[in-house]
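How is a pair of packed helices described?

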Amino acid sequence: MEDFKNLKVWVKAHELTLAIYQSTCQFPKEEIYGLTSQIRRAAASIGANIAEGCGRRSDPEM
């Protein structure tokens, strides 16, 4: 299995995560532990799930 950082889908997910973090900085401060946190965690989990899948032993598991 190749390194997940070379996959186009992971690169796009990472770019999305960075964009979401940047845009959620403009959210109201009272949302920092609510909506902002939830959106950021959801975005970060996309790339994390791809990386986890690449760590599997075989292609079918991915």
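## Helix packing

In this predicted model, α1 and α2 are roughly antiparallel to each other, because angles over 145 degrees count as such. Their axes cross at roughly 165°. The axes come within 8 Å. Helix α1 spans residues 8-24, and helix α2 spans residues 35-54. The crossing of α1 past α2 is left-handed.

On the α1 side, the contact is made by Val9, Trp10, Ala13, Leu16, Thr17, Ile20, Tyr21 and Thr24. On the α2 side, the residues are Thr36, Ile39, Arg40, Ala43, Ala44, Ile46, Gly47 and Ile50. By class, the contact of α1 with α2 has 11 nonpolar residues, four polar and one charged.

## Chain overview

Two helices and zero strands are found in the chain. The chain has 62 residues, of which 23% are buried. Take the contacts with a separation of 6 or more: 53% of them join residues 24 or more positions apart.

## Nonpolar core

Which residues form the largest nonpolar core? There are five: Leu7, Trp10, Ala13, Ile50 and Cys54. Both α1 and α2 give two or more residues to this core.

Trp10 belongs to this core and also to the contact of α1 with α2. Not counting residues up to four places away in sequence, Trp10 touches Phe4, Lys5, Gly47 and Ile50. Of these partners, Gly47 and Ile50 are on the α2 side of the helix contact.

Thr17 sits in helix α1. Is Thr17 buried or exposed? Thr17 has a relative accessible area of 12%, and therefore counts as buried, the cut-off being under 20%. Setting aside neighbours within four places in sequence, Thr17 is in contact with Ala43 and Ala44. Those two alanines are listed for α2 in the helix contact. Arg41 is 24 residues from Thr17 along the chain, yet their C-alpha atoms are separated by 9.1 Å.

Thr36 is placed in helix α2. The relative accessible area of Thr36 is 1%, so this residue is buried too. Which residues does Thr36 contact, leaving aside its neighbours within four places in sequence? They are Thr24, Phe27 and Glu31. Of these, Thr24 is part of the α1 side of the helix contact.

How values were computed
Residues numbered from 1 in each chain as written. Predicted model: local features only at pLDDT ≥ 70, side-chain atom pairs only at ≥ 80, totals over all residues. Heavy atoms only, no water. Axes fitted to C-alpha atoms, helices over the stretch in contact; angles between N-to-C directions. Helix = DSSP H or I, 4+ residues; strand = E, 2+ residues; numbered from the N terminus. Parallel < 35°, antiparallel > 145°, perpendicular 65-115°, else oblique. Left-handed = near helix turned anticlockwise from the far one by under 90°. Contact = heavy atoms within 4.5 Å. Nonpolar A, V, L, I, M, F, W, Y, C, P; charged D, E, K, R; others polar. Core = buried A, V, L, I, M, F, W, Y, C linked by side-chain atoms within 4.5 Å. Buried < 20%, exposed > 50% of the residue type's maximum accessible area, 1.4 Å probe, protein only.
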